[in-house]
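Okay, thanks for coming, everyone.

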Amino acid sequence: MLGLAGIIVFIALFIVFIFLGFYGAFWRKGNLDLLHEWGLAGRRLGTVLVWFLMGADLYTAYTFIAVPSSLYAKGAIYFFAVPYVSLTFAIAMLTMPKLWIVSRNRGYVTAADFVKDRFNSSILAALIALTGVVAELPYIALQIVGMKSVLQMMLLGIGNAALVSEISLIVSFIILAAFTYTSGLRGAALTGVFKDILIWITVISVIVIVPLQYGGFTHAFSAINAANLSARYDTLPNNLQIAYWSLFLGSALALYLYPHSINGSLSADDKNRLMYSTALLPIYGIGLAIIALFGILVYAVPNALSVVSKYGGALAVPALITSTMPDWAAGIMLLGIFVGGLVPAAIMAIAASNLLVRNVIKEVNPSITPKGETTLAKWISAVIKFLALAFVFLVPSTYAINLQLLGGILITQTLPAVFLGLYTKWFNPWALTAGWATGIISGTYMFFTFGLPRATSLYPTPFGLMYAAVIALVLNLVVSVIGTLIASALGFKTKSNISAEDLKR
Amino acid sequence: MVSVKSILAGILLLIPFIAYFAIPTYNKVEPDLGGLPFFYWYQTLWLAISTILFSIAALLLARR
């Protein structure tokens, strides 16, 4: 558990966090009754702020907890998070500046806004929006799972730890919902900078101090070898190579389809600045790589290892921090991870509520005013946060993890309409809808027949285990292409509402 | 219609894909770095290389 000095530092910094969250409403002031002012910070964030905001998406409490704990338990295969980080930004460079341009020119707030006009289909747009919302919800729940691990480590040994941790989470979420309501994405951007500074302090201190004090990786690998574990840690087993590349490719394709990533990109004030900040984001990944390696380093620190083997891999990083750092420093670092769950949860809830209001509710009730639209989005974002919180309290965290894995498979199926739509209007909207349905059904089928109860999104193929999202995407593309060929043979031509000019500068 | 600059930028963005897909080239322990197998530090190093490649690509694309 964390000593008193650590808890005082934790609470003091949390108060700073709350202040920044509310201060966001007064910062670069805009009319927060408009959806793009509230939900996209008025498209006014520069290179550095977009970098921090997007980094906040990648560096979530869940990443901090899940990647190292998977590496700790399953070995080298989970290092796929590193190539994924590099490739996802290459894909973002190819897609997000284009989406940014068309969104500014035509006033879009979501990717589904774009799909609706590009392929002249409200139904396809609503399906894309709903896929985004469904994929986003378990992601928010996982942030809470990550935050719970921090509280669990802090309260270890206290009698009613579960109750204290639930009350702390509820209080944190009431505060988060309040400042998201008043400040929107501005609050998330400001608190994102604060969180990232704490996280970088953590990453650098742990990677310097632990190897110096505990003999580092040489020691960790000899402890792993002595323990005779079934997973491979030094390199990747040959039969998992297809699993490895399909995981990093599929995850890289998926990240910028998630509503929160698109939301963050659209908040940039300029296309070129968006490109610069995207290009610099792999630097962030170096921190992620180091954190991932904490899952191996934990084997070198006996105190941490005993906590982890007793309470589970989710505590790998919190245990490593509390057993190697002085209390006050551990307080700073644990708060970094804790707010590392809150900031992304805010961005995700904002993005999901934008989608629901813009592409589902407004379709049903087109007479809604811009102010009514924004008020509704503010309330929905609060409701989403508390639904996620209730979900985590009521069901075991393995369900949240499984739903998040399924969410990754589902969101990938929006790729043809969103990413390819930026480059071509060739596709027929009904063919894209059929392709989407094929991907969703096949992906879900693969996940339920093989993924459960193993909690994996891999699926066995004749070549070896492969990421189901990639298999489903291939089927989706085949149906989209064949469907479009048939439609154009029958004489159907897609009527796009977007001119070629709208996609240029 | 497609400019030389966009093609160059496209190639720069493609290089990390080639590096990471060539799994057998880095799926080994030696040479290690302070006890850390090649597999881990090589892939992390490519994040730094990616940043440089993507930044050049961004400069090329931005000047239009």
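This is a predicted model: local features need pLDDT of at least 70, side-chain atom pairs count only at pLDDT 80 or more; totals for chains, interfaces and linings use all residues.

Let's start with chain B, and with who touches whom between two of its helices. On the α1(B) side we have B:Lys5, B:Ser6, B:Leu8, B:Ala9, B:Leu12, B:Leu13, B:Ile15, B:Pro16, B:Ala19 and B:Tyr20, and they meet B:Gln43, B:Trp46, B:Leu47, B:Ser50, B:Leu53, B:Phe54, B:Ile56, B:Ala57, B:Leu60 and B:Leu61 in α3(B). Contact here means heavy atoms within 4.5 Å. Sorted by class, that contact has 16 nonpolar, three polar and one charged residues. For the classes, Ala, Val, Leu, Ile, Met, Phe, Trp, Tyr, Cys and Pro are nonpolar, Asp, Glu, Lys and Arg are charged, and the others, Gly among them, are polar.

Residues are numbered from 1 along each chain as its sequence is written, chains are lettered from A and ligands numbered from 1 in the order in which they are written, and side-chain values use heavy atoms, with hydrogens and water left out. As for the element names, helices (H or I, at least four residues) and strands (E, at least two) are DSSP runs, numbered from the N terminus.

Back to that pair. Helix α1 (residues 4–21) and helix α3 (residues 38–62) of chain B pack at about 170°, and their axes are 8 Å apart. The axes are lines fitted to C-alpha atoms, for helices over the stretch in contact, and the angles run from 0 to 180 degrees between N-to-C directions. So α1(B) and α3(B) are roughly antiparallel. The cut-offs are under 35 degrees for roughly parallel, over 145 for roughly antiparallel, 65 to 115 for roughly perpendicular, and oblique for the rest.

B:Gly10 also sits in helix α1 of chain B. Buried is under 20% relative accessible area, exposed is over 50%, and partly exposed is in between (1.4 Å probe, protein chains only).

Over to chain A, and another helix pair. Helix α4 (residues 61–74) and α7(A) pack at about 70°, with axes 7 Å apart. That makes these two roughly perpendicular. From α4(A) the contact uses A:Ala61, A:Tyr62 and A:Ile65, and from α7(A) it uses A:Leu142, A:Gln143, A:Gly146, A:Met147 and A:Ser149. By class, that is five nonpolar, three polar and no charged residues.

With 0% relative accessibility, A:Gln143 counts as buried. Leaving out residues up to four places away in sequence, A:Gln143 touches A:Thr60, A:Ala61, A:Tyr62, A:Gly340, A:Gly341, A:Pro344, A:Ala345 and A:Met348.

Now, α6(A). Seven of its eight residues are buried, including A:Phe114 and A:Arg118. Those buried residues pack against α5 (81–106), α7, α12, α17 and α20 (415–423) of chain A.

In chain B, the bond from B:Glu30 to B:Pro31 is cis, omega near -5°, and B:Pro31 is in the loop between α2 (23–26) and α3.

Finally, A:Asn228 has a positive phi of about 55° without being a glycine. It lies in the loop between α10 (216–227) and α11 (241–255) of chain A, and at 69% relative accessibility A:Asn228 counts as exposed. That's my tour, and I'm happy to take questions.
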